[in-house]
Amino acid sequence: MARLALYLLAFFFATIAVFGADAAGYVGSKTCYGCHTEIYRSFIKTDMGRSLHLASDLDQSALPAEASVSLPSSGRTLRVFHDADGWHQSESEPNVFVDEHKLSYAVGAGSNGFTFLINRGNRLFQAPLSFYSKTAAWELSPGYEFADYAFTRPIPDGCVFCHSGRAQPVANRPAEYLNPPFEELSIGCENCHGPGEAHVHDPKREGTIVNPAKLSSRLAENICMGCHQEGDDRVLLPGKSYADIRPGHWLLETLAIFKIPAQTEQQREQDLLEHNEAMQASRCFRESGGKLSCLTCHDPHVQRRGEVSAYFRPKCLTCHNEQSCKVPLAARQQHAPPDDCIGCHMPKRAIATISHSALTNHRIPARPDEPLPASLPAWGLSGDTGLRVVDRKGNGTAVVPDVTLLAAYNALAAKSPEYRQRFLDLLDKLDHAHDKSPYVQAALAHKALAEGKNEQALDYLEIGIQFSDATVYLDKAKALVNVGRVDDAATTLAAGVELFPYQQELRKTLILEYINLKRYTDAQKAMEEYVGLFPEDSFMRKLLERVTH
């Protein structure tokens, strides 16, 4: 009887796995093609449907096959070239080193250009040169104008979540992925409709797939907000990963998107990937009673090219009429294209953080000088937190766990001393509440270490070491050195290097401790490994030369 009960229980859970949309597996967009042929064919022509490619699949004739960019401050040169083996990029210094990597993936559809990813073992990193369509030239990748990251800028799962169909990150290992790293390259059907296995099994069964058009406006927008509402910081809730985000569920069940309340008009007008918030600040949204949503104007399955004004104008006229516009008809007709609603009211604006790129202003101002409303939508947290949460559930007040808020304060502390103090106050509260989550314990250890409380830091790190970050290994090693346990510190650092092999500070600190322990053979070996991975580090390269000559 007990065996039968177990069998029925197992069958029950298996049935949920087949028929429950959340528990069902992914099947890939090509499976959808069989029943949704025309939609599929249309979607794969959009920028979303072409968001990620194998670099080897790029049309070689569409990009210059070779280019060089000099880095005057360092005397180095970045180079991109194509040969029989594919696309490559390198960084070099004459008669010193050449660091060359094959390009694995191209991110982007080409509208603005392409940036590239490389594999280093089972980790993904950004390549330093990107191709920009507007200038038809290879130039520094976004972010590289501020620092020479070479081939060490990691690609976390939060990044590929928005640029790929389905990534396969390794839990708690930043930038590490399974082989292959993507089950589906470009953004696909299941990104917006959820896992399709149950729907394929029984297409007529209600609830096996998510149709955003049948969701409430705010819930449907949460699908878009996952990638089109960046915020000042994005924090996963405890125990959650980007793989847990599901269409048809509130984004805040998995991810909190925090915004710093803007203090100046200029700050409030910065809307790079802040499309939802910009839309909700518009007069159109407010006077529609909240009926205006992303899907009012956008069909994700279709991308209009060359007829954008004619496509969007009828959507404007569902609420407005010919008399709504105060510009004389003759003047509107002289505009190219004529009667271009979005050209006047949703103009493209340059993106300061991404060269040669522009995004549409979703605030829909009636006039270019129209000020923002006196107050933006009342999105916030209960109590005085000093932050707004954009992706709240419906119209209510957002509620997030303290540890999530703590992580946001920590990330934003560099922007404002206010958040540093809020971080410390909340950390003290969680300490008194005996919160044993690894992130909190790691933060308490870091604070204790800064206060010279080394033994206390080591106590916190008994649990804090579970927080998968290179910093906890550096903190533990420092505390061990401070209490005279240098051998243990070296062991800790070596364990950290094993987990985070491309973390430069970990490797440098390990080399230093080997030298302090007079383990010169180990130090030299660690230096050789370091220079092999990071030849652009001139200090370490010269130090190794002194050791070996």
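Buried means under 20% relative accessible area, exposed means over 50%, and partly exposed is in between, with a 1.4 Å probe and protein chains only. Ala175 counts as buried, at 3% relative accessibility. Its phi is near 70°, a positive value in a residue other than glycine.

Some notes on the model before I go on. This is a predicted model, in which local features need pLDDT of at least 70 and side-chain atom pairs count only at pLDDT 80 or more, while totals for chains, interfaces and linings use all residues. Residues are numbered from 1 along each chain as its sequence is written, and side-chain values use heavy atoms, with hydrogens and water left out.

Back to the backbone. Ala175 sits in the loop between β11 (166-169) and β12; helices (H or I, at least four residues) and strands (E, at least two) are DSSP runs, numbered from the N terminus. Ala150 also has a positive phi, about 50°, although it is not a glycine. Ala150 is in the loop between β9 (137-140) and β10 (153-154), and it is buried, with a relative accessible area of 0%.

Next, the cis peptide bonds. One runs from Asn179 to Pro180, with omega near 0°, and Pro180 is part of strand β12 (residues 177-184). Another joins Ala336 and Pro337, where omega is about -5°. Pro337 is in the loop between α13 (329-334) and α14.

Now the cysteines. How many disulfides does the structure hold? It holds 1, a disulfide being a pair of cysteine sulfur atoms within 2.5 Å. Cys162 is joined to Cys227, with an S to S distance of 2.4 Å. The link is left-handed, with -100° about the S-S bond. Cys162 lies in helix α4 (residues 157-163) and Cys227 in helix α7 (residues 217-228), so the pair ties together parts that are 65 residues apart in sequence. Cys162 is buried at 17% relative accessible area, and Cys227 is partly exposed at 24%.

Cys192 is in no disulfide; the nearest cysteine sulfur belongs to Cys224 and is 6.8 Å away. Cys192 is partly exposed, at 22% relative accessible area. Cys341 is in no disulfide either, and its nearest cysteine sulfur, that of Cys316, is 4.2 Å away. Cys341 counts as buried, at 18% relative accessibility.

On to a helix. Which residues of α12 (residues 308-316) are buried? They are Ser309, Tyr311, Phe312 and Arg313. The buried residues of α12 pack against α11 (294-297) and α14 (341-345), where contact means heavy atoms within 4.5 Å.

Last, a pocket. On a 1 Å grid over the protein atoms alone, a pocket is an open set of points where a 1.4 Å probe fits, with protein on both sides within 12 Å along at least five of seven lines, and lining residues have an atom within 4 Å of a point. The second largest pocket has about 350 Å³ of space. Of its 16 lining residues, the closest to the centre are Pro154, Pro174, Phe500, Tyr502 and Gln503. The elements that give two or more residues to this lining are β7 (123-126), α19 (470-482) and α21 (504-516). The largest share, 3 residues, comes from α19.

That is the end of my list.

Conventions: Points joined across faces, edges and corners; volume = space filled by probe spheres on them.
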